[in-house]
Amino acid sequence: MPEPASESTTPQAPEPQAPEPVSPAPVSSAPDAAAPGRARAGGLGQGPGRLLVLLYGVFTVAAASRSIYQLAAQYHEAPLAYILSAVSGVVYAFITVSLVRGGEGARKAAFVCCAAELLGVLTIGTWTLADPSAFPDETVWSDYGMGYLFIPIFLPVTGLIWLRKRKARQD
Amino acid sequence: MIDALTIALGVTALALAAWCGFAAYRDQPTKDWHFIGMAVVTLLGLAQLVVGIVRLARGEHPHDSVAIFVAYLIGSALAVPVAAFMSLAERTRWGSATVAGAAVVLAVLEVRLYDIWGGSGA
């Protein structure tokens with residue numbers, strides 16, 4: 001395992017005593033402050049972006065596989081819901097790819113998609129509450145993503161903040 | 001039997017999430033011990049995949065559809081190893097946070113699997 005040899009191997013991290021004094025400001029440290037020498041332009045999928053890539057990847061798989069199955073097996077039950085699931089899957093996939101590829105163009109595209117995603121969650125969330133009969137079956141965005149621990153509504157907000165930060169760092 | 005495995009996997013996933021979340025909180029990357037933990041969870045996930053497929057092959061059926069069941073099985077087998085590779089590439093606290101996130105996702109998948117198979121395993 002490519003373990004940096006300089007690190008003394010800590011025995012069982014969850015022990016309460018802290019063996020090695022790390023920088024004493026764990027919360028307030030700026031993102032990537034612990035990762036110097038990261039010169040690659042627009043490393044969108046690095047540092048905190050790595051976590052975003054994972055979550056967007058998970059939601060891509062969840063939304064896409066769900067909508068493929070539903071469109072194939074039970075299209076007539078709730079076509080609107082299933083098509084919306086497919087659309088959200090495409091949006092998630094696009095953001096995932098943009099984050100991984102990086103660069104200013106991808107950052108802008110991902111920014112637009114995150115905004116669209118947020119709009120989608122808010123619209124569909126309100127719509128499902130106002131007129132539940134339009135949605136006989138759930139989508140990822142139903143009830144503001146309640147079925148998915150509300151991650152669908154936090155994810156675009158986090159994404160937008162992250163993408164903005166990256167922009168600020170580049171200037 | 002599959003229920004026992006599901007519960008075990010859910011609990012170990014949450015433990016892994018807490019452990020790696022703690023490492024992220026302390027501003028540390030994942031270390032060898034964490035990777036051993038990920039390996040344990042991954043093995044459990046693969047065991048669950050095999051058990052699930054064997055039970056399907058023996059003619060037992062999940063409460064929900066077979067396609068959904070298999071999709072969740074595959075997803076829960078892949079979540080942690082994928083995050084492990086991501087944390088190898090990200091040697092900062094955010095690598096630890098990524099593994100913690102994947103482990104939480106895995107725990108949620110296990111809850112869903114439990115429902116999809118039919119709750120009490122009947």
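## Chain B: overall form

Of the 122 residues in chain B, 47% are classed as buried; a residue is buried if 20 or more other C-beta atoms lie within 10 Å of its own, exposed if 12 or fewer, and partly exposed in between, with C-beta atoms placed from the backbone. The model is a predicted one, in which local features need pLDDT of at least 70 and side-chain atom pairs count only at pLDDT 80 or more, while totals for chains, interfaces and linings use all residues. Residues are numbered from 1 along each chain as its sequence is written, and chains are lettered from A and ligands numbered from 1 in the order in which they are written.

Chain B contains four helices and zero strands, and its elements follow the order α-α-α-α from the N terminus. Helices (H or I, at least four residues) and strands (E, at least two) are DSSP runs, numbered from the N terminus. The C-alpha atoms of chain B occupy a box of roughly 50 × 20 × 20 Å along the principal axes. Among contacts in chain B between residues at least 6 apart in sequence, 79% join residues at least 24 apart. Two residues are in contact if their C-beta atoms, placed from the backbone, lie within 7 Å.

## The nonpolar core

The largest nonpolar core has 64 residues, of which Phe59(A), Cys20(B), Val80(B), Ala102(B), Ala103(B) and Leu106(B) touch the most other members. Such a core is a set of buried Ala, Val, Leu, Ile, Met, Phe, Trp, Tyr and Cys residues joined through C-beta atoms within 7 Å. At least two residues of this core come from each of α1 (48-74), α2 (79-101), α3 (104-130) and α4 (151-170) of chain A, and from each of α1 (2-25), α2 (32-57), α3 (66-89) and α4 (93-117) of chain B. The most is given by α4(B), with 14 residues.

Apart from its neighbours within four places in sequence, Phe59(A) is in contact with Tyr92(A), Val140(A) and Leu155(A).

Helix α1(B) has 24 residues and reaches 34 Å from its first C-alpha to its last, close to the 34 Å expected at 1.5 Å a residue; the expected span is 1.5 Å times one less than the number of residues. Its buried residues include Leu9(B), Leu16(B), Trp19(B) and Cys20(B). The cover over the buried residues of α1(B) includes α2 and α4 of chain B.

In chain A, the 27 residues of α3(A) should span 39 Å, and the end C-alpha atoms are 39 Å apart, which agrees. Among the buried residues of α3(A) are Arg107(A), Cys113(A), Cys114(A) and Glu117(A).

## Annotated segments of chain B

An unreviewed UniProt entry lists residues 33-54, 66-88 and 94-114 of chain B as "transmembrane region". UniProt positions are given in the numbering used here, feature names are shortened, and annotations may be inferred rather than shown by experiment.

In the model, residues 66-88 of chain B are 100% helix and 0% strand, with end C-alpha atoms 34 Å apart. Residues 94-114 of chain B are likewise 100% helix and 0% strand, and their end C-alpha atoms lie 30 Å apart.

## Individual residues

Tyr82(A) lies in helix α2 of chain A and counts as buried because it has 23 C-beta neighbours inside 10 Å. Not counting residues up to four places away in sequence, Tyr82(A) touches Ser67(A), Gln70(A), Leu71(A) and Tyr75(A). Arg93(B), in helix α4 of chain B, is buried, with 27 other C-beta atoms within 10 Å.

Most residues other than glycine have a negative phi. Tyr144(A) has a positive phi near 55° and lies in the loop between α3 and α4 of chain A; with 18 C-beta neighbours inside 10 Å, Tyr144(A) counts as partly exposed. Asp27(B), also not a glycine, has a positive phi of about 65°. Asp27(B) is in the loop between α1 and α2 of chain B and counts as partly exposed, with 19 C-beta neighbours inside 10 Å.
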